[in-house]
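Trainee: I've got the coordinates loaded, and I'd like to know what the labels on them rest on. Can we go through them one by one?

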Amino acid sequence: MISFKQEQKFIVTGASSGIGEGVALLLNELGAGVIAIGRNEERLNALKQKAKYPENMFLEQKDLTVDIDGLPAYVKSLKEKYGKFSGMAYCAGITGIYPLQALDFKQAQEVFNINYFAPIFMTKGLIDRRNNIGKGSSFVYISSIDAKVCAKGQPIYSGTKAGLCATIKSIGKEVIHQGIRMNCILPSMIKTPLTLQEFYQLTGITEETQKNIYPLGWGEVEDVANLVVFLLSEKAKFISGQDYIIDSGGVL
């Protein structure tokens, strides 16, 4: 049974919807203190209302791409407000189909900012010994199956997710002597409001028509959240530098 102490505090980005919301709610349910970061204040307030222990769900409305270079200082300000952190689940991200011929630099920069640069600079702040609890700290990043599959029409999205996995493995080797663990999760199709709407609008493809690719169907948010929480917990104390694929047993 996984459980956390109230004094264990985890940052969860992208907490106002989708996987981030699921992770924040599950961590809270299991006893952890959650600093839920998201851009949409209304949805963050709704998250707190859903929480089992709302007094242990702390809301931070912020767009992480506004001042990426300043994210380490932002982490420090959060530490001064809430205390040292036991870890982070970086769940914020955007997708989109941008074939190279239709791609412009602004679009590419936007995807890299939220999917790659923001998690790296959040991590830069969190690995500062003054901001984490040291041994036992754990960081989990939501990458994508596209880091491995590299689907047609997604050169930039695939690049951000593959780059994230590689960079986190490298950083993980820098901090493992501090007892800090880092792992990535690579989901395939997960049923979130964003992915369902965008994917269907862009492709017209449904879960029913993809049974040959996803024999177990498209994943649910809790399928990812359960693995995130396990990797953040002491149950995974011997695991670091890994890429975990969640793909319904069919994509890879």
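**What the labels rest on**

Mentor: Let's start with strand S6: Arg181, Asn183, Ile185 and Pro187 on one side, and Met182, Cys184 and Leu186 on the other, are all buried, which leaves both faces covered. Keep in mind that this is a predicted model, where local features need pLDDT of at least 70, side-chain atom pairs count only at pLDDT 80 or more, and totals for chains, interfaces and linings use all residues. Residues are numbered from 1 along each chain as its sequence is written, and side-chain values use heavy atoms, with hydrogens and water left out.

Trainee: Why is S6 called largely enclosed by the rest of the structure?

Mentor: Buried means under 20% relative accessible area, with exposed over 50% and partly exposed in between (1.4 Å probe, protein chains only). Seven of the seven residues of S6, which spans 181–187, are buried, so the strand is largely enclosed.

Trainee: And what makes a stretch a strand or a helix in the first place?

Mentor: Both are DSSP runs, numbered from the N terminus: helices are H or I with at least four residues, strands are E with at least two. On that count the protein has eight helices and seven strands.

Trainee: How do you know which strands S6 pairs with?

Mentor: Pairing requires that DSSP finds at least two bridges between two strands. Strand S5 (residues 138–142) is joined to S6 by five bridges, running parallel. Strand S7 (residues 243–246) also runs parallel to S6, with four bridges between them. To place these on screen, look for serine 138 with its bridge partner arginine 181 in S6, and for cysteine 184 opposite aspartate 243 in S7.

Trainee: What makes S4 a partner of S1 and S5?

Mentor: Again, bridges: S1 (residues 9–13) and S4 pair in the parallel sense over four of them, and four join S4 to S5, also parallel.

Trainee: Serine 86 sits in the loop between helix H3 (71–82) and S4. Why does serine 86 count as buried?

Mentor: Its relative accessible area is 4%, so serine 86 is buried. Leaving out residues up to four places away in sequence, serine 86 touches Gln8, Lys9, Phe10, Ile133, Gly136, Ser137 and Ser138. A contact here means heavy atoms within 4.5 Å.

Trainee: What makes serine 248 stand out in its backbone angles?

Mentor: Serine 248 has a positive phi of about 65° although it is not a glycine. You'll find serine 248 in the segment after S7.

Trainee: Is serine 248 buried or exposed, and why?

Mentor: Buried, because its relative accessibility is 14%.

Trainee: Over to helix H4 (residues 105–126), where asparagine 115 is found. How do you know whether asparagine 115 is buried or exposed?

Mentor: Relative accessibility is 1%, so asparagine 115 counts as buried. Among the residues asparagine 115 touches, not counting those up to four places away in sequence, are Ile94, Tyr157 and Leu164.

Trainee: Why is alanine 225 called buried?

Mentor: Alanine 225, in helix H8 (residues 221–232), is at 2% relative accessibility, so the label is buried. Beyond residues up to four places away in sequence, alanine 225 touches Gly22, Val23 and Leu26. Alanine 225 and glycine 20 are 205 residues apart in sequence and 8.1 Å apart in space, C-alpha to C-alpha.

Trainee: Last one: how do you know whether the protein agrees with a compact globule?

Mentor: The radius of gyration is taken over C-alpha atoms, and the globule rule is 2.2 Å times the number of residues to the power 0.38. With 252 residues a compact globule would come out near 18 Å, and the protein has 17 Å, which agrees. Of those 252 residues, 50% count as buried.
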